[in-house]
Amino acid sequence: MSFNSDASSPSTSSPAASATTRDWIFPSYSSVHSPHNIRRTPRRKRFSSYHPQPPQFNSGTASLAVGDDSNSVRNSVSRLRPWRFEFGNNEKSTSLLTDGFDGGAGAATKSNDAVSSEKFEVKEDKTTASEKTFSGFLRGKLRVRWQLASTISILITVLSSLVHKNFSLHKEVTELQDQISKFNEILKLCNLLDSTDVYNSSLQDVFVDNLPSKSLKTAALAFSIMFLSLPFIFFKYVDYVSNSRRLLDNNTEEVSLNKQLAYSVDAFLSATPYAKPLALLIATLLLICLGGLALFGVTDDGLADSLWLSWTYVADSGNHANSEGIGPRLVSVSISFGGMLIFAMMLGLVSDAISEKFDSLRKGRSEVVERNHTLILGWSDKLGSLLNQLAIANESLDGGIVVVMAERDKEEMELDIAKMEFDFRGTSVICRSGSPLILADLKKVSVSKARAVIVLAEDGNADQSDARALRTVLSLTGVKEGLQGHIVVELSDLDNEVLVKLVGGDLVETVVAHDVIGRLMIQCARQPGLAQIWEDILGFENCEFYIKRWPRLDGMQFEDVLISFPEAIPCGVKVASRGGKIILNPEDSYVLQEGDEVLVIAEDDDTYAPSDLPMVKDANFTLFTRPARKPQKFLLCGWRRDIDDMIVVLDASLAPGSELWMFNEVPEKERDKKLIDGGLEIDRLSNIILVNREGNAVIRRNLESLPLESFDSILILADESVEDSAIQADSRSLATLLLIRDIQAKRLPYREAMASQVHRGSFSQGSWIGEMQQASDKSVIISEILDPRTKNLLSMSKISDYVLSNELVSMALAMVAEDRQINDVLEELFAEEGNELHIRGADLYFEEGEELSFYEILLRARQRTEIMIGYRLAGTEKAVINPPSKNERRRWSLKDVFVVIAEKD
């Protein structure tokens with residue numbers, strides 16, 4: 001509805017509009033300055049809950065709006081002006097009102113009324129929202145106060161009832177005592193009270209005199225009730241303060257008081273080791289004390305008796321059944337209820353403590369209390385073979401202790417070890433979860449008391465594995481208590497060996513897995529059958545190296561020492577005068593000095609001892625010279641990170657003019673760069689010629705492009721691209737082996753195949769395995785095998801003189817762990833220079849038909865500066881190392897072969 005300045009009554013646009021009720025009327029500029037009177041509406045106070053009803057305008061009461069005096073108009077304008085000028089666009093609104101007045105048009109007046117009405121409604125909405133927020137805050141305050149008042153009223157009611165009951169009981173006791181006194185007086189008058197009754201009456205009077213005063217009991221009861229109500233009042237107050245802060249300042253980011261208190265309690269319980277038992281103890285003592293005070297206030301018992309009764313209620317909730325009276329029963333029930341809660345909390349704490357202890361034992365967090373044990377740090381696929389070798393080595397000691405710590409779950413480790421199919425022979429394996437980089441975990445496995453610590457290389461990237469091994473060595477050297485034993489570290493790259501030895505010092509012995517396997521593969525490729533001999537020497541199942549001092553041998557020449565051990569074969573001497581250096585294959589004229597130790601090959605360290613010199617017949621023998629080495633043709637299938645080291649070893653081992661073919665997927669242009677980056681100087685290779693071929697070793701078409709039938713030896717390497725996965729690498733090596741043998745068998749001339757037919761196991765000569773066995777007689781194939789399960793496949797087929805990489809590395813680690821001095825022996829046997837294992841033909845030592853003992857052949861080998869350690873008879877597959885009955889004569893065959901330690905050819 002709008003007002004026209006020219007009209008004496010409000011105009012309506014429609015009957016419906018005239019009947020509409022309006023809470024507020026925002027008059028136009030013309031209506032405000034009209035000479036007609038408008039009824040003044042009382043001004044509403046800001047932030048007040050009082051809302052006066054505005055006048056209702058309709059068509060029937062229009063005269064009411066114009067029948068008031070001019071003062072009402074001015075008051076109405078003054079009331080509306082503050083609302084109008086709170087808008088930010090007041091200048092614009094004023095101009096609009098002025099334009100409407102000057103024009104005198106009814107449309108402009110109506111537009112001004114609409115704009116003013118919309119602004120007034122927006123302001124009214126803001127005011128209403130503010131009033132609702134404030135009213136909600138007031139209602140929250142009233143609600144909190146009402147709850148607090150209700151709680152206090154309930155407590156006061158309970159307290160007053162207990163006090164009233166206490167007073168009534170005390171009054172009854174007083175009345176009864178008065179009656180007893182009167183009866184005693186009557187009995188005295190009647191001379192019926194004897195001396196005993198008089199004595200009891202006096203005791204009763206003393207007891208009555210010692211009854212606690214009524215005020216003391218009331219104070220005790222009031223104190224217990226007030227103390228119990230304090231937590232409720234405190235929590236209500238904290239909640240009230242938090243809500244007040246949140247309502248007053250919604251934009252603040254300050255943490256509420258209840259959250260701060262909750263955080264403080266949580267921090268205390270987390271930081272204090274015995275916080276929970278301490279809190280339980282305090283709660284128990286408070287319950288006993290408050291319950292005792294309450295019982296003291298509602299019963300006639302003394303304070304000590306009340307405290308003891310309170311304890312019985314806490315300890316046994318059924319004791320409150322004997323309570324009589326409302327007050328004692330109420331207090332006893334409350335104490336019993338609190339006792340049940342405390343008992344439940346105590347059961348929870350005890351249950352949590354037991355569960356935590358069992359969980360700690362299950363997860364391997366407990367400390368290992370052992371001494372002279374072998375500690376293995378890390379987990380890899382070599383662990384099974386390593387544990388097997390350690391178990392065999394400890395069998396002579398009726399078993400030993402092996403502790404394995406890795407970053408795996410203890411139950412998983414124990415489950416994986418239980419799946420390993422070998423006998424532990426009395427050795428106990430203890431698993432613990434932890435990191436070798438943390439000193440606390442190292443102390444948990446008694447690292448300072450271990451006789452040897454083995455650090456296994458992780459499966460995966462070689463550089464990352466060696467970096468972790470280096471950090472582990474740093475952690476081990478940082479143990480404050482020091483180390484009783486030595487550290488055996490498995491490395492993946494030979495270039496990192498110097499850094500690890502620099503950090504570990506004299507405590508560290510390193511075994512470079514890739515380097516060891518690479519050198520073994522080259523030795524086995526040049527001398528077929530050497531892999532099985534190395535397994536016999538490195539493993540603890542047969543014969544192995546031992547070093548021991550024998551004082552009775554001092555002053556004896558080494559040629560006499562050779563035949564002084566019936567159950568062992570001397571191989572070298574540890575010279576004390578040269579700082580404990582081990583000399584393999586010394587001269588016969590060397591005389592053992594005081595402090596020297598003898599290196600032998602024996603079955604065990606307690607199975608051999610020197611004896612008197614046997615009578616060995618000197619056999620006349622013409623020394624035969626070995627034929628000159630001939631150029632050979634080698635093939636390397638695959639690419640290893642240390643292939644440059646293998647090339648250097650091959651160049652030192654092969655005769656001049658030999659060829660080394662390299663077949664892999666590395667582009668030929670990048671090979672020279674990789675070899676040079678690895679430290680190889682191609683121009684300085686003197687004995688071999690490099691021939692590069694690019695292709696995939698598992699694709700038959702690529703292999704057929706090679707002259708496979710012309711190679712003397714083929715080495716199938718675990719390719720660098722798949723060496724992280726043992727199964728994948730072995731699958732690739734096995735596929736390459738089968739393809740090469742099949743191609744060789746197809747290219748082998750029929751007459752040569754017929755001439756080389758040899759019965760091998762149960763396979764027929766017409767089968768595909770039989771054809772591959774025939775092809776294996778023409779060339780030697782050495783396959784690098786990582787997974788021991790692949791060993792059975794190759795041993796059954798007999799198509800490859802295999803090398804079991806992980807098993808040989810595990811054997812070397814176990815041997816060095818048992819005696820660190822053996823590492824020097826192995827390093828010399830694997831090096832490019834010095835002594836190594838050789839397989840010699842029988843024609844170098846005797847003629848056909850001679851009958852000789854092993855000692856006699858051994859002495860003939862000494863004429864060639866060789867130490868004979870075993871033999872392999874013709875028609876057999878297994879060599880005999882450290883044979884028994886060395887002085888027993890027998891007839892030998894020229895097809896027999898002998899295993900010797902000699903200088904490299």
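Hi everyone, let's start with a pocket: α6 (106–189), α8 (214–248), α10 (275–298) and α12 (326–362) each supply at least two residues of the lining of the second largest pocket. Helices here are DSSP runs of H or I with at least four residues, strands are E runs of at least two, and both are numbered from the N terminus. A pocket is an open set of points on a 1 Å grid over the protein atoms alone, where a 1.4 Å probe fits, with protein on both sides within 12 Å along at least five of seven lines; lining residues have an atom within 4 Å of a point.

Before going on, please keep in mind that this is a predicted model: local features need pLDDT of at least 70, side-chain atom pairs count only at pLDDT 80 or more, and totals for chains, interfaces and linings use all residues. Residues are numbered from 1 along each chain as its sequence is written, and side-chain values use heavy atoms, leaving out hydrogens and water.

Back to our pocket. Its space comes to about 880 Å³, where volume is the space filled by probe spheres set on the grid points, which are joined across faces, edges and corners. There are 27 lining residues, and the closest to the centre are S224, L228, F232, L290 and S334. Which helix gives the most to the lining? That is α8, with 9 residues. By class, the lining has 21 nonpolar, 6 polar and no charged residues. Nonpolar covers Ala, Val, Leu, Ile, Met, Phe, Trp, Tyr, Cys and Pro; charged is Asp, Glu, Lys and Arg; the others, Gly among them, are polar.

Now for a sheet. Four strands form an open sheet in the order β17-β22-β19-β20, with antiparallel pairing; a pair needs at least two DSSP bridges between the strands. At the edges are β17 (835–841) and β20 (880–881), each pairing on one side only. Helix α19 (residues 530–538) packs on this sheet, touching β17, β19, β20 and β22 (897–903), and its direction makes about 130° with that of β17. Contact means heavy atoms within 4.5 Å; angles run from 0 to 180 degrees between N-to-C directions, with axes fitted to C-alpha atoms, for helices over the stretch in contact.

Is S475 buried or exposed? It is buried, at 11% relative accessible area, where buried means under 20%, exposed over 50% and partly exposed in between, with a 1.4 Å probe and protein chains only. S475 touches P436, L437, L439 and L442, not counting residues up to four places away in sequence.
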